[in-house]
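Here are some friendly notes to read with the model open beside you. Take the points one at a time, and find each residue in the viewer as you go.

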Amino acid sequence: MSSQIRVKICGLTRPQDVVAVVKAGAAYAGFVFFGKSPRHVGPEAARELALAVPPGLARVALVVDADDAALDRIVGTVPLDMLQLHGAESPERVAAIRTRYGLPVMKAVGIAGEADLPALAEFGRVADQLLVDAKPPAGGALPGGNGLAFDWRLIAGRRWPVPWMLAGGLSAGNVAAAIRLTGARQVDVSSGVEAAPGVKDAAKIAGFVAAATL
């Protein structure tokens, strides 16, 4: 592994979280706009956090099946570098959002088995990046941030038309193995760097980035 591995820390809610992400050397800072999540922030609060992010650290808004009105408010309020679509958005919806806002779009795809893999190629034709995540449990309230992993062997050695990011159940203890097995060059973490749901831990953030980029 090397410093070419890019890390996204998702679900930042406090100014000290931004400081920790910057200090650790992450590449992406993620803000969650989804009311059911313990990491949810409103546009005004997210604006203040995003304004504290220095140049070179990409600011990402995670949304779940958001309509144009909600996206208009978020994009119009928060300085952003990327939109992350983490719901059941169709390829057509992904393309429409990308066109409407002129921002790069990352589409999350939940993986549980072989049958889920074709969606990665399908969304890879319309999104700028892919987030390869564990499929949430049936009936679960959250589409991501559940701390669940999937069988990484399913994607070992596979490639898609656009850059991709590995997510799902990652922590400082397993991220190195996940990178070795999958060939991921980007990784995403949320619950794996928290002291409690929605409460980021600066030491865990630093430890995760260090483990991923050794």
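1. Let us begin with R93, which is found in helix α4; helices here are DSSP runs of H or I with at least four residues, strands are runs of E with at least two, and both are numbered from the N terminus. Please keep in mind that this is a predicted model, where local features need pLDDT of at least 70, side-chain atom pairs count only at pLDDT 80 or more, and totals for chains, interfaces and linings use all residues. Residues are numbered from 1 along each chain as its sequence is written, and side-chain values use heavy atoms, with hydrogens and water left out.

2. Is R93 buried or exposed, or something in between? Its relative accessibility is 23%, so R93 counts as partly exposed. (Buried means under 20% relative accessible area, exposed means over 50%, and partly exposed is in between, using a 1.4 Å probe and protein chains only.)

3. Which residues does R93 touch, leaving aside neighbours within four places in sequence? They are A66, D67, D68 and L71, where contact means heavy atoms within 4.5 Å. A polar atom of the R93 side chain lies 2.9 Å from the backbone oxygen of A66.

4. Now look at how helices meet. Two packed helices are described by the angle between their axes and the distance between the axes. Helix α3 (residues 68-77) and helix α4 (residues 91-101) have axes that come within 12 Å and cross at roughly 40°. (Axes are lines fitted to C-alpha atoms, for helices over the stretch in contact, and angles run from 0 to 180 degrees between N-to-C directions.) The pair α3 and α4 is therefore oblique: angles under 35 degrees count as roughly parallel, over 145 as roughly antiparallel, 65 to 115 as roughly perpendicular, and the rest as oblique.

5. The crossing of α3 and α4 is right-handed. (Ala, Val, Leu, Ile, Met, Phe, Trp, Tyr, Cys and Pro count as nonpolar, Asp, Glu, Lys and Arg as charged, and the others, Gly among them, as polar.)

6. T77 also belongs to helix α3. With a relative accessible area of 17%, T77 is buried. Its side chain reaches the backbone oxygen of R73 at 2.7 Å. Apart from neighbours within four places in sequence, T77 is in contact with P43, E44 and R47.

7. In the loop between β3 (58-63) and α3 you will find D65. D65 is not a glycine, yet its phi is positive, at about 50°. At 46% relative accessibility, D65 counts as partly exposed.

8. Next, compare two partners of α7. Helix α1 (residues 15-24) packs with α7 at an angle of about 25°, with axes 9 Å apart, and the two are therefore roughly parallel. Their contact is made by A20, V21 and A24 of α1 and A202, I205, A206 and V209 of α7, which gives seven nonpolar, no polar and no charged residues. Helix α6 (residues 175-182) packs with α7 at about 35°, with axes 8 Å apart. Here V175, A176 and I179 of α6 meet F208, A211 and A212 of α7, and the classes are six nonpolar, no polar and no charged.

9. Finally, visit K8 in strand β1 (residues 6-10). At 0% relative accessibility, K8 counts as buried. Where does its side chain find a polar contact? The partner is the side chain of D188, at 2.6 Å. Beyond four places in sequence, the residues that K8 touches include Y28, V60, Q84 and M106.

Technical notes:
A polar contact is a pair of N or O atoms within 3.5 Å; within protein, one must be able to donate a hydrogen and the other to accept it, and residues adjacent in sequence count only if both atoms are side-chain atoms. A crossing is left-handed if the near helix is turned anticlockwise from the far one by less than a right angle, and right-handed if clockwise.
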